[in-house]
Amino acid sequence: MKLMTPILQPDTELIEADAKLIRDSRITDERIQGRIFRNLVCEEEDFSYTIFSGVRFESCRFWNCAFERAEFTDIIFRNCDVSGCNFNDSYFNRAAFHSCKGVGSKFTGSIIKNLEIKDCNMNDSNFDSSRLEHIRIEQTKLESANISQCRCRQVDWQEGSLVNANFFQTSLSGMDFSNSVITGLTLSDDNHELRGAAVDLYQAAELAKRLGIIIKD
């Protein structure tokens, strides 16, 4: 899969910034570009409609903050906590979450392209009704996550945990789950979401039970 990674200036060329810049941008409607944010702690703040471009977030904590209808282009979140944050109806392109925590985060109705999520805890997150294109999710927990009614194109799963994830009305065709954990998935009654998905023999045996098929030794 061809995944376009964030295009960023070297850290030495990024300008240090603080939360005040984000707050002020909502008043001035100015794009936040070429900045690096380190060790920010923000709780229940509203950063909706903010446009971020060429920005790195390092060890930041955004608890239950609102980023509705925000835009993120060429962005990296590293060692950040965005648990409970609202990214609904946002736009992501060439972005990455590395070693982050996003428990209960919401991305519903978003357009998400060229995104890498690696070594993250995104349990209970919600991507319902989003458009997902060129996505790589590696060594990440998405347990009890909602990924229903999504339009997907080239989504790559690597060593993920999708226990009790909800894929209702989301086609999994072309996706390979053979090295991920997919027990307890929520699907339609006819399990049509699984058509064209790749699984290993053990997973196939478990999924066969949903169809009432008994596999004998």
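Student: Is Ala 17 buried or exposed?
Tutor: Keep in mind that this is a predicted model. Ala 17 sits in strand 1, residues 15–17. Buried means under 20% relative accessible area. Ala 17 has a relative accessibility of 14%, so the alanine counts as buried.

Student: Which residues does Ala 17 touch, leaving aside neighbours within four places in sequence?
Tutor: Contact here means heavy atoms within 4.5 Å. With the neighbours within four places set aside, the contacts of Ala 17 are Arg 35, Ile 36, Phe 37 and Leu 40.

Student: And how far is Ala 17 from Ile 32 in space?
Tutor: Along the sequence, 15 residues separate Ala 17 and Ile 32. In space, going from C-alpha to C-alpha, the distance between Ala 17 and Ile 32 is 9.7 Å.

Student: Let's move on to His 134. Which side chain does its side chain make a polar contact with?
Tutor: His 134 belongs to strand 10, which covers residues 131–138. Among the residues that His 134 touches beyond four places in sequence are Met 1, Lys 113, Arg 153 and Gln 154. The polar contact is 2.8 Å, and the side chain on the other end belongs to Gln 154.

Student: Is His 134 buried or exposed?
Tutor: The cut-off for buried is under 20% relative accessible area. His 134 comes in at 17%, so the histidine is buried.

Student: Where does Ser 148 lie, and is this serine buried or exposed?
Tutor: Ser 148 is in the loop between strand 10 and strand 11, the latter being 151–158. Its contacts outside four places in sequence include Asp 128, Asn 166 and Phe 168.

Student: What separates the C-alpha atoms of Ser 148 and Ile 112?
Tutor: Ser 148 and Ile 112 are 36 residues apart along the chain. The separation of their C-alpha atoms is 15 Å.

Student: What radius of gyration does the protein have?
Tutor: The C-alpha atoms fill a box of roughly 65 × 30 × 25 Å along the principal axes. A compact globule of 217 residues would have a radius of gyration near 17 Å. The protein agrees with that, because its own value is 18 Å.

Student: How far apart do the centres of the positive and negative side chains lie?
Tutor: There are 25 positive and 33 negative side chains in the protein. The centres of the two sets are separated by 3 Å.

Terms used
Residues numbered from 1 in each chain as written. Predicted model: local features only at pLDDT ≥ 70, side-chain atom pairs only at ≥ 80, totals over all residues. Heavy atoms only, no water. Helix = DSSP H or I, 4+ residues; strand = E, 2+ residues; numbered from the N terminus. Buried < 20%, exposed > 50% of the residue type's maximum accessible area, 1.4 Å probe, protein only. Polar contact = N/O pair within 3.5 Å; in protein donor to acceptor, adjacent residues only side chain to side chain. Rg over C-alpha atoms; globule rule 2.2 N^0.38 Å. Lys, Arg positive; Asp, Glu negative; His and termini not counted. Charge placed at Lys NZ, Arg CZ, Asp CG, Glu CD.
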